[in-house]
Amino acid sequence: MMNTNVPSTWEEFTEGLWERNPIFVMVLGMCPTMAVTVSAINSISMGLATTFVLAASCWLVSLLRHAIPKEVRIASYIGIIATFVTVTDYAIQALSLSLYEALGAYIQLIVANCLVLGRAEAHAAKVSPWPATVNATGMGLGFTLGLTMIGGVREILGNGTFFGLSLFGEHFQPWVVMVLPPGGFFVMGGWLLVFALWRARKARLAAASAEGVQHGA
Amino acid sequence: MVRESLGQILLSTILSGNFVLAMFLGMCPFLGVTHSVSLAFPLGLATTFVIVIASLSAYVLNIILSMLHLEFLRLICYIVVIASAVQLVEMFVKKRSPALFRAMGIYLPLITTNCAVLGVALFQTARDYDFAQSMTFALGGGAGFTLALVMLASVRERVQLSNVPDMMQGTALTLMLAGILSLGFMGFAGLGG
C-alpha cells in the first residue's frame with residue numbers, strides 16, 4: 001500500500017463522485033435513474049439504498065475474492081447482491097411504508113442495476129476490502145448526486161415543488177410531461193448536453209489562453 | 001380487484017405500458033445496442049425468450065416458496081433462475097450463429113442484469129397474475145421490448161446520415177430520440193386500461 005501508484009483513500013472516494021460519475025459519465029444503472037426520479041426525495045432515498053447495497057456487496061466480494069472460483073464468479077456476485085437487496089427491501093418496508101410504496105418494485109430491481117454488478121466485477125474483485133468499500137461508497141454517493149440532480153429538475157418543472165416545498169405559489173401551471181416517462185429522457189439528455197457545452201467551453205478557453213501565451217512570448 | 005382480460009394485458013404491455021418507454025425497464029441494452037436494426041432485432045428476440053422462461057419459472061417458484069413460507073428467498077431464487085436461462089440462450093446463440101454471438105458481445109450475458117427480465121417476474125408476483133395472465137404479460141412485455149428496440153434503432157440509423165451538432169452526439173442524442181418516442185407512446189395511454 002506504500003506504493004505511489006496506488007491511489008489514496010481520498011482519490012478512491014472521489015473517483016465516482018464526479019470525475020467518473022456513474023450516471024453522467026459511465027451511463028450505468030439507467031432503469032432506476034429514469035423510473036424513480038419524479039421527485040427529489042424519492043431520488044435521494046433510492047440513491048442511498050443503492051449506495052448501501054453497493055458498498056456492502058463490494059466489501060463482501062472483495063473479502064471473498066480469493067475464495068470464489070473464476071467460473072462461477074458472476075453467479076456468486078449476483079447471490080451476494082441479491083442478499084443485501086433483500087435486507088434493504090425489508091428494512092425500508094419496516095422504516096417507512098409510504099416510501100416503500102412510492103419506490104415499489106424498483107428497490108428489488110437494484111439487483112439488476114448494472115452499476116452494482118459492474119463495480120463488483122471491475123473493481124471490488126481486484127482490490128482489498130478497504131479501498132473497495134471506500135470506492136463503492138464514493139460511486140454510490142455519485143449515483144445519489146446524479147439521481148437528485150435529475151429528480152430535482154423534474155420535480156421543479158413538473159410539480160412546482162422542491163423536496164415538497166412549493167416554489168412558485170399556487171398559480172404555477174405545472175409542466176406535467178416532466179414527471180411522466182418522457183420527462184426522464186429529456187432531463188437526463190438535457191444534463192448531458194449542459195455538461196458537453198461546459199466541457200467544450202473549457203476546452204475553447206484553454207486553447208485560447210495557450211494561444212495568448214504563445215503570442216505573448 | 002377486477003381481473004384484467006388477457007387481451008387487455010397484451011395490449012397494455014406492448015403499447016400503453018411499454019416496458020422500455022413507459023416503465024423504464026431494460027434501459028442498458030436500449031441505449032447500448034440500438035446502433036443498427038440487424039443487431040437490435042435478434043437481441044430483442046433473445047430477451048423475449050429469457051423473459052418468457054423467467055416468467056414461467058417465477059410462477060412455479062412462487063408457488064413452491066409460498067408453500068414453504070420462504071418468501072424472503074424469492075429475489076435470490078428468481079435471479080439465479082434468470083442467470084441460468086441466460087446461460088442457455090448464450091450457448092444456443094454461440095452454436096447457431098458465432099457471428100451474431102460476437103456482434104452482441106457483452107450485451108448477451110448482460111441480459112441477466114436486464115431489469116425487464118427481473119421486472120416481469122417481480123411485477124407478476126406483485127399483481128397476483130394467474131398462469132395465463134403471467135404468460136401473456138411476459139410475451140407482451142418481450143414483444144414491446146423488441147418493438148421499442150427496433151424503433152429506436154431504425155431512427156438512429158437515419159439520424160446517422162443527417163447533420164447533427166457535435167454537442168448533441170452520443171448519449172444525449174439517443175436520450176432525446178428516446179424521449180420523443182416515449183412521448184409518442186404516451187398517446188396510447190388509456191388503451192387496454
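An axis here is a line fitted to C-alpha atoms, for helices over the stretch in contact, and angles run from 0 to 180 degrees between N-to-C directions. Helices are DSSP runs (H or I, at least four residues), strands are runs of E of at least two, and both are numbered from the N terminus.

Who touches whom? On the α1(B) side we have B:Leu6, B:Ile9, B:Leu10, B:Thr13 and B:Ile14, and the α7(B) residues include B:Gly140, B:Gly141 and B:Gly144. Contact means that the C-beta atoms, placed from the backbone, lie within 7 Å. By class, this contact has eight nonpolar, six polar and no charged residues. For those classes, Ala, Val, Leu, Ile, Met, Phe, Trp, Tyr, Cys and Pro are nonpolar, Asp, Glu, Lys and Arg are charged, and the others, Gly among them, are polar.

A quick word on ground rules: residues are numbered from 1 along each chain as its sequence is written, and chains are lettered from A and ligands numbered from 1 in the order in which they are written. As this is a predicted model, local features need pLDDT of at least 70 and side-chain atom pairs count only at pLDDT 80 or more, while totals for chains, interfaces and linings use all residues.

Staying in chain B, look at helix α3 (residues 37–68). After α3(B) comes B:His69, with a positive phi near 60°.

Now over to chain A, which has eight helices and two strands. Along the sequence the pattern is α-α-α-α-α-α-α-β-β-α. Its C-alpha atoms fill a box of roughly 65 × 55 × 25 Å along the principal axes.

Here α6 (residues 114–124) and α7 (residues 129–159) of chain A come within 11 Å, axis to axis, and cross at roughly 150°. That makes α6(A) roughly antiparallel to α7(A). Their crossing is right-handed. A:Leu115, A:Arg119, A:His123 and A:Ala124 of α6(A) meet α7(A) residues including A:Met139 and A:Phe143. The class count there is six nonpolar, two polar and one charged.

UniProt, in an unreviewed entry, places a "transmembrane region" at several stretches of chain A, among them 47–67 and 74–92. Those positions use the numbering here, feature names are shortened, and annotations may be inferred rather than shown by experiment. Residues 74–92 of chain A are 100% helix, and residues 47–67 are 81% helix.

Finally, how many residues does each chain bring to the contact between them? Chain B gives 34 and chain A gives 32. On the chain B side, α2, α4, α6 and α8 each give two or more residues, and α8(B) gives the most, with nine. That side divides into 28 nonpolar, six polar and no charged residues.

Key: Two residues are in contact if their C-beta atoms, placed from the backbone, lie within 7 Å. Angles under 35 degrees count as roughly parallel, over 145 as roughly antiparallel, 65 to 115 as roughly perpendicular and the rest as oblique. A crossing is left-handed if the near helix is turned anticlockwise from the far one by less than a right angle, and right-handed if clockwise.
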